[in-house]
Amino acid sequence: MLEVIKLVDAKSWIGFFGVLFGAALGLSGVVFANRSSLLRLKIQLETEKDREHAQVKRERLEELYVLLSQWVNVFYSNFFKLTLVMKGEIEYNQYLDEIIEDGQSSKVDFQRIEMILNIYGRELLPAYKDVLKCRGKINEISGAHKEDYKQGKFDGEKYLEPYTLVHTELDLRVQKLKKQLAELAVNA
């Protein structure tokens, strides 16, 4: 074998090692280019994934805004109708009939509201809980009025002021929630 190596002149060896060196440089260039390309594709994929997630989040938060608006409109409608009962302008059965009629035409999906809040808007949960507390106060006042009405005490004037105050509080808390929701959607 050594004899074969000695038979090859130095110029051929230089050419041979030059070809090997060139091939090694070419191979290393391809490896580095592939690594760089793979890294760029991973970054691009993550960016697209983040962008898509942000788009979905924004759409869900916009949907939540609409759902909350519908829900609040139902509350205001009920508020005005019950105040008519408290003032003695309509009877309780008329109020209930109107509530039933309105309820059939405008359904609010509370489960969807809470699902969107729990998945896409966890930051909004404290403000949402404040809204629910106000709703609870409203229900307590209307429940007390209903009990008095059942017992024949048709004058609900004593409930008007606290009922109106709690509805004003509800309006403020809903506006706060909607403002936070809008800000979260813009920044999504």
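Start with the largest nonpolar core: select Leu-64, Trp-71 and Ile-113, which touch the most other members among its 38 residues. Such a core is a set of buried Ala, Val, Leu, Ile, Met, Phe, Trp, Tyr and Cys residues joined through side-chain atoms within 4.5 Å. Buried means under 20% relative accessible area, with a 1.4 Å probe and protein chains only.

Now colour α2, α3, α4 (110-120), α5 and α6 (157-186), the elements that give two or more residues to this core. Helices are DSSP runs (H or I, at least four residues), numbered from the N terminus. With 11 residues, α2 gives the most to the core.

This is a predicted model: local features need pLDDT of at least 70, side-chain atom pairs count only at pLDDT 80 or more, and totals for chains, interfaces and linings use all residues. Residues are numbered from 1 along each chain as its sequence is written, and side-chain values use heavy atoms, leaving out hydrogens and water.

Zoom in on Ile-113. Beyond residues up to four places away in sequence, Ile-113 touches Leu-64, Leu-67, Leu-68, Trp-71, Val-108 and Tyr-128. Contact means heavy atoms within 4.5 Å.

Next, select His-145 in helix α5. His-145 counts as buried because its relative accessibility is 0%. Show Leu-82, Val-85, Met-86, Tyr-92, Gly-156 and Tyr-159 too: His-145 is in contact with them, leaving aside neighbours within four places in sequence.

Terms used
Buried < 20%, exposed > 50% of the residue type's maximum accessible area, 1.4 Å probe, protein only.
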